Amino acid sequence: TWSRGGKVFAALSADGSVASFRLDPAIAAAAIRTPDTMPSGRGTGWVDFAPDTIDDHAEDRAVAWLASAYRGLTPRD
């Protein structure tokens, strides 16, 4: 898991097949309309990303969502 200020903003499943990101709800709503992405059981704003293949597009989304999730938490959160 990755956290900032004690709050988790991203996690990787134990087998490495699913990455979960805590996103702004508007970004999460857009994200779940992209391939290999679904709402997460972690709660509102969380998405699960489970691509079969890590191509350039999948890598770009994962990096962007990780950065967005990190920026979404300020040190005071």
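Me: Helices are DSSP runs of H or I with at least four residues, strands are E runs with at least two, and both are numbered from the N terminus. Where does Asp 36 fall?

Reply: The model is a predicted one. In it, Asp 36 sits in the loop between H1 and E4.

Me: What makes the phi of Asp 36 worth a remark?

Reply: Most residues other than glycine have a negative phi. Asp 36 is not a glycine, yet its phi is positive, at about 65 degrees.

Me: Why is Asp 36 called partly exposed?

Reply: Its relative accessible area is 34%. Buried needs under 20% and exposed needs over 50%. The value of 34% lies in between, so Asp 36 is partly exposed.

Me: And Ala 19: why does it count as buried?

Reply: Ala 19 has 16% relative accessibility. The cut-off is under 20%, so the label is buried. Ala 19 belongs to strand E3.

Me: Which residues does Ala 19 touch, leaving out those up to four places away in sequence?

Reply: They are Ala 11, Leu 12, Val 47, Asp 48 and Phe 49. Leu 12 also stands opposite Ala 19 in the strand pairing. A further pair is Ala 19 and Arg 61: 42 residues apart in sequence, 11 Å apart in space, C-alpha to C-alpha.

Me: What makes E2 and E3 a pair?

Reply: They are joined by 3 bridges and run antiparallel. Pairing takes at least two bridges, so E2 and E3 qualify. They form a hairpin with 6 residues between them. In its turn, Gly 16 has a positive phi of about 80 degrees.

Me: How many bridges join E3 to E5?

Reply: There are 4, between residues 19–22 of E3 and residues 46–49 of E5, again antiparallel. At least two are required, so this is a pair as well. Ser 20 stands opposite Asp 48. Arg 22 has Trp 46 as its bridge partner.

Me: What makes E4 and E5 a pair?

Reply: 3 bridges, in the antiparallel sense. Thr 37 is bridged to Phe 49 in E5. E4 and E5 also form a hairpin, with 6 residues between them and a positive phi of about 130 degrees at Gly 43 in the turn.

Me: What is the strand order of the whole sheet?

Reply: The order is E1-E2-E3-E5-E4, an open sheet of 5 strands with antiparallel pairing. Why are E1 (2–4) and E4 (37–39) called edge strands? Each pairs on one side only. On average, neighbouring strands are turned by 25 degrees against each other, direction ignored.

Me: Which way do the residues of E5 point?

Reply: Trp 46 and Asp 48 point one way, Val 47 and Phe 49 the other. All four are buried.

Me: Which residues have the most contacts inside the largest nonpolar core?

Reply: They are Phe 9, Phe 21, Leu 23, Ala 31, Val 47, Phe 49 and Trp 65, in a core of 13 residues. E2 (7–12), E3, H1 (25–31), E5 and H2 (56–71) each supply at least two core residues. H2 gives the most, with 3.

Me: What does Phe 21 touch beyond four places in sequence?

Reply: Among its contacts are Phe 9, Val 47, Phe 49, Ala 62 and Trp 65.

Me: Why does Ser 68 count as buried?

Reply: Its relative accessibility is 15%. That is under 20%, so Ser 68 is buried. Ser 68 lies in helix H2. Neighbours within four places aside, it is in contact with Leu 23 and Ile 27.

Me: Which residues lie nearest the centre of the largest pocket?

Reply: Leu 12, Ala 19, Phe 21, Phe 49 and Ala 62, out of 16 lining residues. E2, E3 and H2 are the elements giving two or more residues to the lining. The space inside is about 220 Å³.

Notes: Residues are numbered from 1 along each chain as its sequence is written. This is a predicted model: local features need pLDDT of at least 70, side-chain atom pairs count only at pLDDT 80 or more; totals for chains, interfaces and linings use all residues. Side-chain values use heavy atoms; hydrogens and water are left out. Axes are lines fitted to C-alpha atoms, for helices over the stretch in contact, and angles run from 0 to 180 degrees between N-to-C directions. Buried means under 20% relative accessible area, exposed over 50%, partly exposed in between (1.4 Å probe, protein chains only). Contact means heavy atoms within 4.5 Å. A nonpolar core is a set of buried Ala, Val, Leu, Ile, Met, Phe, Trp, Tyr and Cys residues joined through side-chain atoms within 4.5 Å. On a 1 Å grid over the protein atoms alone, a cavity is a set of points where a 1.4 Å probe fits but cannot get out, and a pocket is an open set with protein on both sides within 12 Å along at least five of seven lines; lining residues have an atom within 4 Å of a point. Grid points are joined across faces, edges and corners, and a volume is the space filled by probe spheres set on the points.
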